[in-house]
Amino acid sequence: MSRSVKAKSERKKNKSGSSIQSRLQATLVIFGIALLIVIGRLVQLQFVEAEELQQYGMTQWTRGTMIEAARGDILDRNGTVLAKSGTAYKVLLWPNNISASDRERVATELSELFGLSFSGVYEKVCDTTKQEIVLVRQASRETIDALYALKLGNGVATTVDTVRYYPYSSVLAQVLGYTTIDSVGQAGLELSLNKYLSGESGKVVSDVDKDGNTLVYGVEEYIEPTDGCDVVLTIDIAAQAMLERVLSTAREVNNASNAQGIIMDCTTGEIIAMATVYEGGTLDLNAIDRSDITELTRISRNKVVADSYEPGSTFKIVTLAAALDSGAIDSGFTAFCPGHRIVSGQRIKCWRTSGHGSQNLTESTENSCNCAFMDMALQLGIEEFYEYIDKFGFGSDTGSQLLSESAGIVIDQKYVRDINLARIGFGQSVAVTPIQLASAVSAAVNGGTLYQPYITDRIVSADGTVIVDNEPTVVRQVISEATSAQVREILESVVANGSGKNAQVPGYRIGGKTGTAQKYDSEGKISTSLIASFVGFAPADDPRFVVLILVDEPKVGVIYGSTVAAPFVGEAMGELLSMYGYLPESMQDTVTVPSVLGLTVEEAVALLEEYGLGAVFQAEDQVTAQIPIAGTVVNKGTEVLLYTPDTGEVPEEPDVDITVMPDLQGMTRLEAYDLLKQMGLGMEVEGDYEGGVVIYQSVAAGADIEYGTVVRVRFGIENGE
């Protein structure tokens, strides 16, 4: 073989070996990559997806059934249960355990027993993609017994469920609120305290075979639920029931859209009772109708904290306390009321357009004279009055932690002028919530201390540990103890001798203040609707309780807080004091109210006069209802409200303002002019002589005269021309 051929053969051999080596290396790389993919997948399965896969596997050989935790109870201050979780049952479907031939029968029986649609139940019975389906919640023991009697096989099971139950049904309904079917707070305290009331659910985990049947010798794991905490309120359910009964009567006899009320312990800030009673709707917590959400929202609204309104004359308590405490006025204060005041060129009427004349401080408050309280506000001045308004807590919520609490409406101080200040002085141009007013009045009469209102006394866990323990919280000292004592004395006189006499309770010392205010329509304009109120406190010399009642849009002829609301505060206060062991003092000058039902108003008035009682009525007709009711013991002089078939809307009257003509005799021209201008009257001088003093006036002193009338006067030298 030649050398060239041999070299060529060697080159061919080397080339073949190199090709084999390359293919071997490529194969090794491919196997290496495949091995890395397998290792990566193993890592993913064992570490990344391990928990998910384990859970998926568990669903194949185990079945978990939730055990509802018991929701905590809500109790009143005396330990009476107001809301509790009762035992009920869930009905479960295990579709894989129901044979195809039995599905129609099972669906038929279940739909008939529980009042469900057959098609809906049949669809669930046939849904084998799910291991467990909840068919019915909160079934009763009797229904479950009927279910067992049907013998539907092991594809239909039951487990314990819970249902929320309210022993007092509609009592305290807006405050308590309610839950969803899953026992989750949806309104009221059930919602705001849900994190404490709701527990932690448990579970039962059982081993099953490939068809979903429980293994006889399988392992069963039980995870115990943790029950929710109990909540103890400051509410007294007996006082609450009493308040709601009184409010219902007040709403019904006055044909009002609603009546609201709150009872507070003015020495601590504890809310003892709180309610709103609506026209045409009662919220039964055990039978909530969720088909009309608008109506449910309406009757669920806790207006005592959520809604603000112009307080009217009840706000005069704040003005009185501020004026006395600041030194703007003292016990020697006097005011002359001609029926109006001219402030910044505008005429503001007193509620009594004929005027109250000259009054001292107590008389001004007894008469609820707007003019006197305008004077107090103006003497305080904007800056100082606003300091007290803020200190009493208006313009911000009270911190009660009740849901949807409003802050009320207070005009920003920089926009306030004397005309606004004057109106605020007697309770206009300011809006408050009932809870704000009750809190402020408490401070005015309890020695001057503003307490934060609260309704949750304590929260206790299932093992007895106290989680929350509330105590009275002092917000600030608003007025001095001396001022508070003076305010109490004056307000007691209002009930004893003034506009609040219908709130008297025989044997007890009561203080308080009436209030009647106009409402505004949806466009912000003054409407014909009114809200009448009365706030009272007792015992007047050492107050413990403050009771506020508002009657919203009463449709009766005589609408004043003194007639529409005061009698009901008196009734509530009398029962409350007796309930808490306060014994009556002297019972002198009392009388038992006779029945005047069925009598004509004329006959009723005559009979009441024989007993030393007065009467308030609108129409001369047959008496259909009376307040106080027959048999009630009242002080002599009490006015009995007489209702007749014609008692209804307030009759419209001409808006003519009448005042009393003053005596101008002996006044100089400037004095006479200033007085007449202040009263909204004009002056015309007869004759050419304008010196000396008034010797003649065209309208006699003491006569009624319309606002705007021009009075003719003559001047001369006293006792002769």
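A: **Two helices in contact**

In this predicted model, the axes of helix α3, which covers residues 103-114, and helix α5, which covers residues 141-150, come within 11 Å and cross at roughly 160°. Because an angle over 145 degrees counts as roughly antiparallel, α3 is roughly antiparallel to α5. The crossing in which α3 passes α5 is right-handed. On the side of α3, the contact is made by R105, E109, L110, L113 and F114, while α5 contributes T143, A146, L147 and L150.

The buried residues of α16 are I419, N420, L421, A422, I424 and G425. Among the elements that cover them are the helices α12 (316-326), α14 (370-380) and α15 (382-391), and the cover also includes the strands β12 (340-343), β13 (346-349) and β16 (430-431). After α16 comes G427, which has a positive phi, near 95°.

Helix α15, one of the elements covering α16, also holds E383, and this residue counts as exposed because its relative accessibility is 54%, where the cut-off for exposed is over 50%. From C-alpha to C-alpha, E383 and V416 are 9.7 Å apart in space, although 33 residues separate them in sequence.

Seen as a whole, the protein has 22 helices and 33 strands, and 47% of its 721 residues count as buried. Among the contacts between residues at least 6 apart in sequence, 70% join residues at least 24 apart.

Finally, the confidence of the prediction has to be kept in mind: the average pLDDT of the protein is 86, and 87% of the residues score at least 70. Over residues 650-656, however, pLDDT stays under 50, and the model has six contacts beyond four places in sequence for this stretch. Where pLDDT is low, the predicted coordinates should not be read in detail.

Key
Residues are numbered from 1 along each chain as its sequence is written. This is a predicted model: local features need pLDDT of at least 70, side-chain atom pairs count only at pLDDT 80 or more; totals for chains, interfaces and linings use all residues. Side-chain values use heavy atoms; hydrogens and water are left out. Axes are lines fitted to C-alpha atoms, for helices over the stretch in contact, and angles run from 0 to 180 degrees between N-to-C directions. Helices (H or I, at least four residues) and strands (E, at least two) are DSSP runs, numbered from the N terminus. Angles under 35 degrees count as roughly parallel, over 145 as roughly antiparallel, 65 to 115 as roughly perpendicular and the rest as oblique. A crossing is left-handed if the near helix is turned anticlockwise from the far one by less than a right angle, and right-handed if clockwise. Contact means heavy atoms within 4.5 Å. pLDDT is the predictor's confidence in each residue, from 0 to 100. Buried means under 20% relative accessible area, exposed over 50%, partly exposed in between (1.4 Å probe, protein chains only).
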